[in-house]
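Subject: Structure handover

Hello,

Here is the structure you are taking over. Notes on what was found in it follow below.

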Amino acid sequence: MKKVLALVLVLSFVFAGCAFGADKPGKGITIGVVYKQSGNPYFQAGVAGFQKAADELGFTFMHDGPDDGSSDGQIRIVENYIAQGVDVLCISANDPASLVDVCNEAREAGIKVVTWDAPVDPEGRDLDVEPASAKVIALTQLDSMVKSVGGEGQIAILSAMATAPNQNLWISFMTEALKSGDPKYAKIDFVGVVYGDDEYTKSFNETQALLEQYPNLKGIIVPTTVGAPAVSKCIMDAKRNVKVTGLTLASDMKEFINKGIADETFLWNPTELGYAASFAAVAFVKGEISGKDGETFNAGELGTLTIEKAADGGTISFLNKLNVFNNDTVDAWINIL
Amino acid sequence: MKKIKDFFTSWEFFLIVLLAVVCAVFYYVDASRVAAGLQRRPVFYFANVVRSMRPYFLYSFMTLGMMLILAMGDIDISVGAIGTLSVVTLGVTYNNLAVLGGMNPAVALTLSLMACLAVGGICGALNGFLCTRFKELFSMIITLATQLFFRGFSYLIIGGETLTFKDPTFRSLSALNKLLDIGGMKVPVSLPVFLVFAIIFFVWLHMTGNGRKIFAIGTNRSATYYSGVQTDKIKFWCFVIAGLMSAVTGIFFVGNSSSSVKADIMDGYHMYAIAAAVLGGFSTDGGKGSVIGAAISLVIFGVVKFGLGTLFGFADSAVNLSVGVILILSVLVPNMWEDWQNARRVARRRAETAAASKA
């Protein structure tokens, strides 16, 4: 029934698109979407975002990805799009380096290159669109944890490897916020970070040790998808009232979210990424942006997005919005993330 | 007169007709799509097709090597993996010599390229040695084993990481991926290079005694052996050459992928190489086929994949179905033609005997 409803919705969008296409800003623009692998639900969700934006903006798009997740397959697809004369390429690259030359050839042919989800190296792209900045990712998890434990009590972090750069950056933002003197963190007692090395067993054992060491522990933040189910399972086995939050897959955490071990967990939303990349693409063709630091573009229901300098030397735009998995939403995502 | 008739009944002529039919269909579809407003501009015109042949000529060198093996009645499914191992060697050698070792980049690149070709040759030699030493095993089984070995070995050397080189010396390899401007048309570098290789192979296979010996081995190995041909030696060197051609393919592949090197590349390339050679008239029975046929087949596969992808909107992963369809047709049609000819001959004989007995 859901599928039929979705189909009717999509069809009605398409017809609406035909009827009012003339006034839409993206009319006449063709976008070539390249993703990492065909048949991957994550990217099907991404394509849904492009479709949604196409309905609003009136552009047309094609999408394709190699079946083996290879970069030479992606190069083939990009070459085909160049031959067809698309206006913009929206690429989620299997490998940042391999696609640089072919992307530059596209740019010489006047095609803009917007990457989403996984960037091409800065010399081969015009703009990268990514889910959230490190600070937003960090504070979303921390604030969710503060809410889960009711604003007071001991909390800990279980990270991946001690050397993992992303996790360390997020943790530094969290500890900084905790020390900032903000009243909402005043009664939070942060006991420290342990490392599960992105291994299930190690994460499980580290959690056990945490639970024994801190009998009053109220919550654990797990900013890594491998660790989260291990931590939750350990808490469930120990029958302790400790809350979990973090970056997780919906499918891993459904059981624990339903049982109340985690109130909510997060990950980015590929549909919104595709949606935002489309708006950036149209803005490029319209000449509203050129991919420079400090420019802004309208991204429909995601509001206005700002282009900033990326860590790799190119430019990037963050949606700064994470997908929430809770009791109500987790079921819709288990087949996708 | 006989020569003209030979030409019109030859396999190459059939391939040319096939190519013409494919082009006509795509051209018509392209024009009607533009007329219907589904496309803003035509896609299927000569210059654009030539320009887009680049990804489909990457494995053209492998096809040349595969021809030799097929002509002998053997098969080598490890060529893709040999390409991978050669490329990984190229990257790792350069990384160690120039990036970590501080050697003059030009010298390092020359040495790395030599190492790359050498590894291709050595891998081929291993195949050749095993195939001539253990005749009781099918070459398919042997090269299946070596394929797995070469792939595994590539991962062992480089792991899951991607080696990327941004220095201008190594980046010069991307010149192999450039488009040459020939008379206002953009021609991929691999096309003329392939043409040179193809002419060499053509002369060698069809115009020299050594080339004919290769076909003789495929027709009847024992008879060839007892007429004094060193079949094992020829077979060994053919495998070495196939390995070398895989390494050449690998070098072009590096140029194509922005001078980056990793271990999961060129998977499935052996299948493209075999398909093009088989459509070109080579068969796993050995003893037949021509370089011209293989070259036309490469063009056919390139054009069909390009057309299906751009005009019919086939997904990249679905485009390969065309290879299967064309291959099966290319085996079926001549067989059906032969059956029909035989049936006609039988009917004629019957009519003749019936007429004779009546008289």
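Which residue of β3(A) does A:Val33 stand opposite? The residue opposite A:Val33 is A:Cys90. Please keep in mind throughout that this is a predicted model.

Chain A, strands

The strand that holds A:Cys90, β3(A), covers residues 88-91. A:Val88 and A:Cys90 point one way from β3(A), A:Leu89 and A:Ile91 point the other way, and all are buried. β3(A) has a parallel pairing with strand β1 (residues 30-34) of chain A, over four bridges. It also pairs in the parallel sense with strand β4 (residues 112-116) of chain A, again over four bridges.

Helix α8 of chain A runs over residues 227-238 and has 12 residues. From first C-alpha to last it reaches 17 Å, close to the 16 Å expected at 1.5 Å a residue. Its buried residues include A:Gly227, A:Pro229, A:Val231, A:Cys234 and A:Ile235. Among the elements that cover the buried residues of α8(A) are the strands β6 (153-159), β8 (217-222) and β9 (243-246), and the helices α7 (200-213) and α9 (250-258), of chain A. After α8(A) comes A:Lys239, with a positive phi near 50 degrees.

Another positive phi in chain A, about 50 degrees, belongs to A:Asn320, which is not a glycine. A:Asn320 sits in the loop between β13 (315-318) and β14 (323-325) of chain A. Is A:Asn320 buried or partly exposed? A:Asn320 is partly exposed, because 17 other C-beta atoms lie within 10 Å, and buried would need 20 or more.

Chain B

Chain B has 16 helices and four strands. Its C-alpha atoms fill a box of roughly 95 × 65 × 35 Å along the principal axes. Of its 359 residues, 46% count as buried. Of the contacts in chain B with a separation of 6 or more, 76% are between residues 24 or more positions apart.

Helix α13 (residues 269-279) of chain B is mostly covered, with 10 of its 11 residues buried. Among the buried ones are B:Tyr269, B:His270, B:Tyr272 and B:Leu279. The cover over the buried residues of α13(B) includes α4 (60-71), α5 (79-100), α14 and α16 (321-358) of chain B. Following α13(B) is B:Gly281, whose phi is positive, near 110 degrees.

B:Met266 lies in the loop between β4 (260-261) and α13 of chain B. B:Met266 is not a glycine, yet its phi is positive, about 55 degrees. B:Met266 counts as buried because it has 27 C-beta neighbours inside 10 Å.

Where the chains meet

In the contact between the chains, 24 residues of chain B touch 24 residues of chain A. On the chain B side, the elements that give two or more residues are α14 (291-310) and α15 (316-319). The residues of that side divide into four nonpolar, 14 polar and six charged.

Regards

Notes
Residues are numbered from 1 along each chain as its sequence is written. Chains are lettered from A and ligands numbered from 1 in the order in which they are written. This is a predicted model: local features need pLDDT of at least 70, side-chain atom pairs count only at pLDDT 80 or more; totals for chains, interfaces and linings use all residues. A residue is buried if 20 or more other C-beta atoms lie within 10 Å of its own, exposed if 12 or fewer, and partly exposed in between; C-beta atoms are placed from the backbone. Two strands pair if DSSP finds at least two bridges between them. The expected span of a helix is 1.5 Å times one less than its number of residues. Two residues are in contact if their C-beta atoms, placed from the backbone, lie within 7 Å. Ala, Val, Leu, Ile, Met, Phe, Trp, Tyr, Cys and Pro count as nonpolar, Asp, Glu, Lys and Arg as charged, and the others, Gly among them, as polar.
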